[in-house]
Amino acid sequence: MKTLSDSLLSQLSELVAARTALHFPRERRSDLEYKVRSAAKELGFTDPEAFVQGLLSSSPTREQIEVMASHLTIGETFLWREPQVFAALREQILPDLIRAREQGNKSIRIWSAGCASGEEPYSIAIALRSLVFARDDWHITILATDINPRALQRAAAGEYGEWSFRNAPPWLKERYFSRQDNNRFEIVPDIRKMVTFAYLNLAEDTYPSPLNNTNAMDIIFCRNVLMYFGPERARQVGQSLCHSLVEGGWLMVGASELSQVGFPQFSSVDFPGAIVYRKETRQPPPAVASLPPAIPVHEAPSQPPAESTVGPAAPPQHHGSEMAPAAESAAPQEAAYARAAGLYAQGRYAEVVENLERAQSPRCAALAVRALANQGKLAQALSACAMAIAANRLDPGLHYLSATILQEQNREGEAIGALKIALYLDPTLAPAHFALGNLLLRQGQARAAKKSFENALALLSARRPDDVLLESEGLTAGRFRDIVKVAIQTGAGGASI
């Protein structure tokens, strides 16, 4: 068997790191070669070298990246993994959170990042079930994401063999699973419906974002995921996860990852047999070399937008002295937005709201609303959004933003209504079609959901792959198209607006 050259493996390693964040240093190159040979075989290539050369000479397809990711990671996991972590969750973290929310915003948001075949998010749901979920006045969100659509399909099916229970207490299988004819065990419907599965690539996708429902999380599980990343990429992912948490939120990482990656944004908290991280309530601004581009949003249209418009429209060219006062009043708004966008990119959401307190433009209002929502202040965010809509009723982006908040408050019917208004004002708003599909899917309207997904896909297919979409927080048409395709393929699009 011909061995791939060091040069070829080095280039492949760089490509894999760029597209999936998976890190294969020199000492793991033989492992990389073995796994890529398996991926090449699955994709129909008899010559692994020709397969790798093809990947390097042109951009890999979504299917190729997903198949490679499924071979390059260990998708095997089990229920109630690291019992000490679940003991801390069930006995201290969740009860404290419930007590804090009992008299106010009765919601809990949890994200399992890198969920593989679903044992972790189902374990989280089981931990929550006996505490609050039986009560109708609580809104529970458990988001489970992975880069591998096939793993998501297995997770959504919720069916496991005996080996998945090797670390679980006996009561877990007895109470929450039913034995099937094939001697496998299926999760009970009440637990299954607590979890939303969705496709997300931690290396490529933007988070926190209402688009993929990754904002304002109370708890994030990202266990045995960061160990696949290089140190710098792991720190970047850790910072983005920090931004996805509300102040005082919790980050659970694998025990083997604690010594490999530092989390300066968090303080460590010791529980019996487990160490977890908590986001500081007053954290210093993280150092960044450069800021991402400002989030594109709609301005209230005076005429239908041109199909080719990408990002914020260029400022109009005014002539004559009669326009000078308008230009002067617009300048402070632009300066305020620029300052706030920089703060938003650093996760300094409270400062964003402070800086935009007197700003009037629709995109300033939208950014302030997003910053409030990312802090978990949903009632304030919805109120601010309603005020912005009252002043800019024809802005589809504000109605779309209102829908994201309503959905987080479990007001799905109102969210659907807001999305329909957004699409009436702008039928080309692909994220709104996708959001509507996700909500319809949650309500059991599979046929209508598929139509909404297909509408989004048709709009995205008409755009250049590198076009940045309005209301997407920097997501390109090509990347979004991949996400919609996976939602259609897996039927696990979930509630990710």
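Colleague: How many disulfides does the structure hold?

Modeller: The structure holds zero disulfides. Keep in mind that this is a predicted model.

Colleague: Remind me what a disulfide is.

Modeller: A covalent bond that links the sulfur atoms of two cysteines.

Colleague: Cys222, then: buried or exposed?

Modeller: Cys222 is buried, because its relative accessibility is 0% and the cut-off for buried is under 20%. Cys364 is buried too, with a relative accessible area of 1%.

Colleague: What share of the chain counts as buried?

Modeller: The chain has 497 residues, and 54% of them count as buried.

Colleague: And how many helices and strands are there?

Modeller: The chain has 19 helices and 10 strands.

Colleague: Now the sheets. What is the strand order in the sheet of seven strands?

Modeller: The order is E6-E2-E1-E7-E8-E10-E9, in an open sheet with mixed pairing. From one strand to the next, the twist averages 25 degrees.

Colleague: Which helices pack on it?

Modeller: Helix H5 (residues 83-101) is one of them; H5 touches strand E1 (107-113), E7, strand E8 (245-253), E9 and strand E10 (274-279). The direction of H5 makes about 170 degrees with that of E7. Helix H7 (residues 149-157) also packs on the sheet, where H7 touches E2 and E6. Between the directions of H7 and E6 the angle is about 165 degrees.

Colleague: Which residues sit on which side of E6?

Modeller: Val195, Phe197 and Tyr199 are on one side, with Thr196 and Ala198 on the other. Both faces of E6 are covered, and these residues are all buried.

Colleague: Why that every-other-residue pattern?

Modeller: Because side chains in a regular strand alternate between the two faces of the sheet.

Colleague: How many bridges join E2 to E6?

Modeller: Five bridges join strand E2 (residues 139-146) to E6, and the two run parallel. Ile142 stands opposite Val195 in E6, and Leu143 stands opposite Thr196.

Colleague: Is Thr214 buried or exposed?

Modeller: Thr214 has 0% relative accessibility and therefore counts as buried. Beyond its neighbours within four places in sequence, Thr214 is in contact with Trp111, Leu143, Leu200, Thr206, Tyr207, Pro208, Ser209 and Ser244. Leu143 is the residue that stands opposite Thr196 in E6.

Colleague: And how far is Thr214 from Asn374?

Modeller: They are 160 residues apart in sequence, but C-alpha to C-alpha they are 9.0 Å apart in space.

Colleague: What about the sheet of three strands?

Modeller: That one is open as well, in the order E3-E5-E4, with antiparallel pairing. Strand E3 (159-160) and strand E4 (177-179) stand at the edges, each with a single partner strand, so each lacks a neighbour in the sheet on one side.

Colleague: How many bridges hold E3 to E5?

Modeller: Two bridges join E3 to strand E5 (residues 185-187). Glu159 has Glu186 in E5 as its bridge partner.

Colleague: Switching to helices. At what angle do H2 and H3 pack?

Modeller: Helix H2 (residues 29-42) and helix H3 (residues 48-57) pack at about 90 degrees, with axes 9 Å apart. H2 and H3 are therefore roughly perpendicular to each other.

Colleague: Which residues meet there?

Modeller: Val36, Arg37 and Ala40 in H2 meet Pro48, Phe51 and Val52 in H3. By class, that contact has five nonpolar, no polar and one charged.

Colleague: And H1 with H4?

Modeller: The axes of helix H1 (residues 6-20) and helix H4 (residues 62-72) cross at roughly 100 degrees and come within 11 Å. That makes H1 roughly perpendicular to H4. H1 contributes Leu12, Val16, Arg19 and Thr20 to the contact, and H4 contributes Ile65, Met68 and Leu72. The residues of this contact are five nonpolar, one polar and one charged.

Methods
Residues are numbered from 1 along each chain as its sequence is written. This is a predicted model: local features need pLDDT of at least 70, side-chain atom pairs count only at pLDDT 80 or more; totals for chains, interfaces and linings use all residues. Side-chain values use heavy atoms; hydrogens and water are left out. Axes are lines fitted to C-alpha atoms, for helices over the stretch in contact, and angles run from 0 to 180 degrees between N-to-C directions. Helices (H or I, at least four residues) and strands (E, at least two) are DSSP runs, numbered from the N terminus. Angles under 35 degrees count as roughly parallel, over 145 as roughly antiparallel, 65 to 115 as roughly perpendicular and the rest as oblique. Contact means heavy atoms within 4.5 Å. Ala, Val, Leu, Ile, Met, Phe, Trp, Tyr, Cys and Pro count as nonpolar, Asp, Glu, Lys and Arg as charged, and the others, Gly among them, as polar. Two strands pair if DSSP finds at least two bridges between them. A disulfide is a pair of cysteine sulfur atoms within 2.5 Å. Buried means under 20% relative accessible area, exposed over 50%, partly exposed in between (1.4 Å probe, protein chains only).
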